[in-house]
Amino acid sequence: MPAILRTSDTPLPTLARFGVALILLPHGAQHVLGWFGGYGFQGTLGWMTGTLGFPAPLAVLALITEMAAPLALVLGLGGRVAAVGVIGLMLGAASTHLPNGFFMNWFGALPAGSEGFEYHLLMIALAGVVALGGSGAWSLDLLLGREHPVSIPSRITRAAA
């Protein structure tokens, strides 16, 4: 098993990966699929490149990450890779919110898009738990990485004969 997929059966990264996935999946569906009042892939891509000024390849990568990473995190498949993708995504998103200060727009007093970056820091911290600890319990990474029963080595069977 490659080290990047290695994990333990501790529930802590499991909680972190489910938290990140359950928050990010609807957000990605909004941006990519147009669900929940979103603009879909083309509309969001145009906003990211035109309004925010992100290069198109990075914007496409961000949109793919917004959908693929939460799905991988729910399954616990390649959790470390997905978590690093989320961290990159959140660093990019936070960079657009820096001028707005730290705090979110909890009570809707600010115009849309004027939120601070505290949400992004929380997501980075949760994704960091998975990036460092692996997918944890109830993950495909754990299932795929389990030691399989090993047959008796041939040198032992030859010695016994």
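Which residues does Phe 54 touch, not counting residues up to four places away in sequence?

1. Basis of the note. This is a predicted model, in which local features need pLDDT of at least 70 and side-chain atom pairs count only at pLDDT 80 or more, while totals for chains, interfaces and linings use all residues. Residues are numbered from 1 along each chain as its sequence is written, and side-chain values use heavy atoms, with hydrogens and water left out.

2. Phe 54. With residues up to four places away in sequence set aside, Phe 54 touches Met 48, Thr 49, Ala 59, Gly 92, Ser 95 and Thr 96, where contact means heavy atoms within 4.5 Å. Phe 54 lies in the loop between helix 2 and helix 3; helices here are DSSP runs (H or I, at least four residues), numbered from the N terminus. Phe 54 counts as partly exposed because its relative accessibility is 23%, given that buried means under 20% relative accessible area, exposed over 50%, and partly exposed in between (1.4 Å probe, protein chains only). Between the C-alpha atoms of Phe 54 and Leu 126, which are 72 residues apart in sequence, the distance is 25 Å.

3. Helix 1 against helix 3. The axes of helix 1 and helix 3 (residues 56–75) come within 8 Å and cross at roughly 145°, the axes being lines fitted to C-alpha atoms over the stretch in contact, with angles running from 0 to 180 degrees between N-to-C directions. Helix 1 passes helix 3 in a left-handed crossing, that is, one in which the near helix is turned anticlockwise from the far one by less than a right angle. Among the residues that meet here are Phe 18, Ala 21, Leu 24 and Leu 25 in helix 1, and Leu 63, Met 67, Pro 70 and Leu 73 in helix 3. The residues of this contact divide into 15 nonpolar, 3 polar and 2 charged, where Ala, Val, Leu, Ile, Met, Phe, Trp, Tyr, Cys and Pro count as nonpolar, Asp, Glu, Lys and Arg as charged, and the others, Gly among them, as polar.

4. The nonpolar core. The largest nonpolar core has 24 residues, and those with the most contacts inside it are Leu 24, Leu 73, Val 86 and Met 90; such a core is a set of buried Ala, Val, Leu, Ile, Met, Phe, Trp, Tyr and Cys residues joined through side-chain atoms within 4.5 Å. Two or more residues are given to this core by each of helix 1, helix 2 (40–51), helix 3, helix 4 (79–97) and helix 5 (118–133), and the largest share, 7 residues, comes from helix 3.

5. Leu 73 and Ala 83. Beyond four places in sequence, Leu 73 touches Arg 17, Phe 18, Val 20, Ala 21, Gly 79, Ala 82, Ala 83, Val 86 and Val 130. Ala 83, for its part, has its place in helix 4 and is buried, because its relative accessible area is 1%. Leaving aside neighbours within four places in sequence, Ala 83 is in contact with Leu 73, Ala 127, Val 130 and Ala 131.

6. Thr 7. This residue is found in the segment before helix 1 (12–33), and Thr 7 is buried, with a relative accessible area of 18%. The side chain of Thr 7 reaches two backbone nitrogens, that of Ser 135 at 3.1 Å and that of Gly 136 at 2.6 Å; a polar contact is a pair of N or O atoms within 3.5 Å, of which, within protein, one must be able to donate a hydrogen and the other to accept it, and residues adjacent in sequence count only if both atoms are side-chain atoms.

7. Positive phi values. Most residues other than glycine have a negative phi. Trp 138, in the loop between helix 5 and helix 6 (140–145), has a positive phi of about 55° although it is not a glycine, and Trp 138 is exposed, with a relative accessible area of 67%.
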